[in-house]
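Please look over the chain shown here. A short report on its pocket, its helices and some single residues follows the display.

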Amino acid sequence: MTDLQLEAVSKRFGETIALDDIDLSFESGRITALVGRSGCGKSTLLKLLNGLLRPSSGTVKFGDSPLDYQELTALRRRIGYAVQGTGLFPHLTAGDNICLVARLEGWSAADIDRRLDELLTLTRLPPALLGHYPHQLSGGQAQRVGLCRAIMLRPQVLLLDEPFAAIDPLTRRDIHRQLLALHRAEPVTTVLVTHDMAEALLLADEIVIMAGGRVISSNARQSLLADCGEGDPNELLLGLMAGSPV
């Protein structure tokens, strides 16, 4: 079953072609990584998936239906979104950041507390941090808060735009473990944008490699792991992109 699909999608900004005739499907309950150099179209593709951008041509589908751009609010209730730097509201505490959308949706206090307890357990986020403001959190803590906020409403789809790029390698490894634990507990169709092949091989079931606004390779993780062997994953990425447009 497919939750998200792009059919012959292109996106232009003036004379610049950001995406060129993309056909791509994202399977339900699996993690797909979009990998490539900066400027290859990864983040543009992600913004098309949640309606932040409209394609210049082609169709973006959620389930079996094309995106309804008149009903984006309803769509985004079904999509969690987390970005590099977390995007937390600086004037709200961590707890208020996590719970804001549920309150706007009219959840009861009991349902909010129950869901918040579930998320704190899954992410190992100490309850004492809920009263802290974003500037009082470490990078790893802020990223956990951002993930909790993204999945508070139990979304059908989770979109992650390089959410771990700004944190140190040791903390990043811990966040990776937490994301995988979250996914095992609550499987959700996840699209992860990253420029790090090693991160993609660690987290994703499917890996889509992009260059020059096009998909140049789409493979299951196990196939790429076999190709990589004991070598550097990012050397494998460079090899796959060799000869492709930048």
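The report starts with the pocket and then moves to helices, loops and rings.

**The model and its main pocket**

This is a predicted model. Its largest pocket has a volume of about 550 Å³. The lining of that pocket counts 21 residues. Nearest the pocket centre lie Arg76, Ile79, Gly80, Tyr81 and Val101.

Which elements each supply at least two residues of the lining? Helix H2 (72–76) and strand E6 (79–83) do, and so do helix H3 (94–104) and helix H5 (139–151). By class, the lining of the largest pocket holds 12 nonpolar residues, 5 polar residues and 4 charged residues.

**Helix H1 and leucine 48**

Helix H1 spans residues 42–49. Of its 8 residues, 6 are buried, so the helix is largely enclosed by the rest of the structure. The buried residues of H1 are Lys42, Thr44, Leu45, Leu46, Leu48 and Leu49.

Leucine 48 belongs to this helix. Its relative accessible area is 0%, which means that leucine 48 is buried. What does leucine 48 touch, not counting residues up to four places away in sequence? Its partners are Val9, Lys11, Leu19, Leu53, Arg54, Pro55, Val60 and Leu67. Leucine 72 is 24 residues from leucine 48 along the chain. The C-alpha atoms of leucine 48 and leucine 72 are separated by 12 Å.

Just after H1 comes glycine 51, with a positive phi of about 80°.

Serine 56 sits in the loop between H1 and strand E4 (57–62). Leaving aside neighbours within four places in sequence, serine 56 is in contact with Ser10, Lys11 and Arg12. Tryptophan 107 is 51 residues from serine 56 in sequence, and the C-alpha to C-alpha distance between them is 37 Å.

Lys11 is a contact of serine 56 and is also touched by leucine 48. Lysine 11 lies over the face of phenylalanine 13, at 5.2 Å from the ring centre. As for ring pairs, a search of the whole structure finds 0 aromatic pairs.

**Glutamine 178 in helix H6**

Glutamine 178 is part of helix H6 (residues 169–185). Is glutamine 178 buried or exposed? Glutamine 178 is buried, because its relative accessible area is 6%, and buried means under 20%. Not counting residues up to four places away in sequence, glutamine 178 touches Leu122, Thr123, Arg124 and Arg144. Arginine 144 is 34 residues from glutamine 178 in sequence. In space, the two are 8.3 Å apart, C-alpha to C-alpha.

**Two arginines with positive phi**

Arg124, one of the residues that glutamine 178 touches, is found in the loop between helix H4 (109–123) and H5. Phi of arginine 124 is near 55°, a positive value in a residue other than glycine. Arginine 124 is exposed, with a relative accessible area of 53%.

Arginine 154 has a positive phi of about 55°, although it is not a glycine. The loop between H5 and strand E7 (157–161) holds arginine 154. Arginine 154 is partly exposed, with a relative accessible area of 47%.

**Glutamine 136**

The loop between H4 and H5 also contains glutamine 136. Its relative accessible area is 42%, so glutamine 136 is partly exposed.

**Separations side by side**

The C-alpha separations given above are collected here.

| Pair | Apart in sequence | C-alpha to C-alpha distance |
|---|---|---|
| Glutamine 178 and arginine 144 | 34 residues | 8.3 Å |
| Leucine 48 and leucine 72 | 24 residues | 12 Å |
| Serine 56 and tryptophan 107 | 51 residues | 37 Å |

Note on methods:
Residues numbered from 1 in each chain as written. Predicted model: local features only at pLDDT ≥ 70, side-chain atom pairs only at ≥ 80, totals over all residues. Heavy atoms only, no water. Helix = DSSP H or I, 4+ residues; strand = E, 2+ residues; numbered from the N terminus. Buried < 20%, exposed > 50% of the residue type's maximum accessible area, 1.4 Å probe, protein only. Contact = heavy atoms within 4.5 Å. 1 Å grid on protein atoms, 1.4 Å probe; cavity = no way out; pocket = protein on both sides within 12 Å on 5 of 7 lines; lining within 4 Å. Points joined across faces, edges and corners; volume = space filled by probe spheres on them. Nonpolar A, V, L, I, M, F, W, Y, C, P; charged D, E, K, R; others polar. Phe/Tyr/Trp six-rings, centres within 6.5 Å; stacked < 30°, edge-to-face > 60°. Lys NZ or Arg CZ within 6 Å of the ring centre and 35° of its normal.
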